[in-house]
Amino acid sequence: MDISSTSGPLTTIEADWLIVGYTATDSSGELDAPLSDLDEALGGAVSRLVAAGDLTGKLSESHLLADVPGLAAGRLLLVGLGAPGKLTSRKLEKALVSATRRASKSAEVSAAIALPQLNSETISDTEAMSLAAVALQVGCVGQGLYRAKPGRHAFSAATVVSDVEGSAEAVARGSVLGQAMNLTRELVNRGAMEVYPETFADRATAAATECGLECEVLDENRLRDERMGSLMAVAQGSVRPPRVVVLRHNGGGEGAPALAIVGKGVTFDSGGLSLKSNEGMKSMKCDMAGAATMLGAMTAIAKLGLPVNVIGLAGLVENMPDGNSFKLGDVLTARNGKTIEVLNTDAEGRLVLADVLAYAVDLGAERLIDLATLTGACVVALGEEVTGTFSNCDDWSQAVGSAAKQAGELAWPMPMDDLFGDLLKSDVADIKNVGPRWGGAITAAKFLENFVDSTPWVHMDIAGPSFASSNKPHREGGATGCMVRTLVAAAEGLA
Ligand code: BES
Ligand code: MN
Ligand code: ZN
């Protein structure tokens, strides 16, 4: 779905749904720009609503007016944006996605969004235009992949209305970001019966061709040659052979430093012989969200033509119990030569990432970010909406943190003291793959640190925010596409 940008009086906008944001009216009851224009054309209908106290501008308050005389649009949906100047991108996103979700319930519907000047210190008007485009893309896609009646429908036409300078570029950018998030969401929402290492790699290859990324797929023979013994051990209990996907965006020219983005791609995590409970397993098609986030972000980075070199890597395996599964007590040798004692086959994500991180370092990455649905412990620590970040480099950690802030996504740094690393000492190997119960998100990160050398690295544990357990007015349940925008912002920050 393409999104156009247009300017002009709101009364002339032809759309089935015209979504108009407005900030809270002050005591004078004076309306802000798009609303005041509408009011005039509509013979004071809007000011009467204000006078009656029905239209206060409270955040996410909404009013639907249908068949308004004098309006080309079929429906007018007024969306409150809170006090002027106080708006944040997260609040704006919530308000706009709620609106686009509402408008996309029927098929063959067109939608337009118009926003007032925000005068906000935290979000610029062009950022708001981008966000409107994101909302149009993301809000009209749900979890209906396998339903006869999908529940949400792509808009037949989608428009952002604005006179702000640079709004066309901003809308185009938001559209790319929204599409990237939808790619990530779709891959995560599809079941493990169709998304497994080979099919994920096929999908990545197709996406790469479409947006001009270089793509290489390493099969099981190549992975053996590359000494990825840790990753291969996880895969060996499954009938699905493992894959590693390597994508390249060469926007920075030769010799420019490369950022590598590494994603955990466990296409299904049964726990292996350390089998999960039914409750614990039922959402584990989501365990490749890190890889899908990497892929979404890489497509956006390519489409936006960012002047940086970025390598995207996905470690793809299925973790299954089987006569051939890797076992407790097995000692694995990772690509960088370190030996790992396996004491829980359900701590498999770190085993996959170990080899792919080491491979990324060997490819010459000078900055690393990995994304993984790595630990339930991180969800216990930070809840379902905040990504945990873990790093070996304060500067890089702060850079990624401000990228998240700029992208309007929640991320929070966790301690990485060596005392946590000490908890992974093994009696028989260099390290073991699990620590004690407490601090599990941090010991997992300390495990990964063994495989990045001294490369500045940030690990993002997205076990909570990447997959939502229920629908909310402002977002569909299932895959969220979180951190796609943060990755793009982090890559931009290196340009
Ligand atoms: N994929 C899971 C982590 C997870 C949990 C993701 C909940 C999304 C939601 C991971 O492979 C796992 O099983 N981690 C174990 C680690 C433990 C065995 C040390 C966990 O969190 O229980
Ligand atoms: Mn697991
Ligand atoms: Zn897992």
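**The zinc site**

Guide: The zinc ion (ligand 3) is octahedral, because its 6 donor atoms subtend angles of 78 to 175°. Donors are N, O and S atoms within 2.8 Å of the metal (3.2 Å for Na, K and Ca); water is not among the atoms, so sites may look incomplete. Six donors count as octahedral if opposite donors are over 155 degrees apart and all others between 65 and 115. For comparison, ideal octahedral angles are 90 or 180 degrees.

Please remember that this is a predicted model, where local features need pLDDT of at least 70, side-chain atom pairs count only at pLDDT 80 or more, and totals for chains, interfaces and linings use all residues. Residues are numbered from 1 along each chain as its sequence is written, chains are lettered from A and ligands numbered from 1 in the order written, and side-chain values use heavy atoms, without hydrogens or water.

Now, who holds the zinc ion (ligand 3)? Its protein donors are Lys-264 (NZ), Asp-269 (OD), Asp-287 (OD) and Glu-348 (OE), at 2.0 to 2.4 Å. Along the chain, the donors are spaced K-x4-D-x17-D-x60-E.

Lys-276 has a side-chain N or O atom 2.8 Å from an oxygen atom of ligand 1.

Terms used: A polar contact is a pair of N or O atoms within 3.5 Å; within protein, one must be able to donate a hydrogen and the other to accept it, and residues adjacent in sequence count only if both atoms are side-chain atoms. Four donors count as tetrahedral if all angles lie between 85 and 135 degrees; four count as square planar and six as octahedral if opposite donors are over 155 degrees apart and all others between 65 and 115; anything else is irregular.
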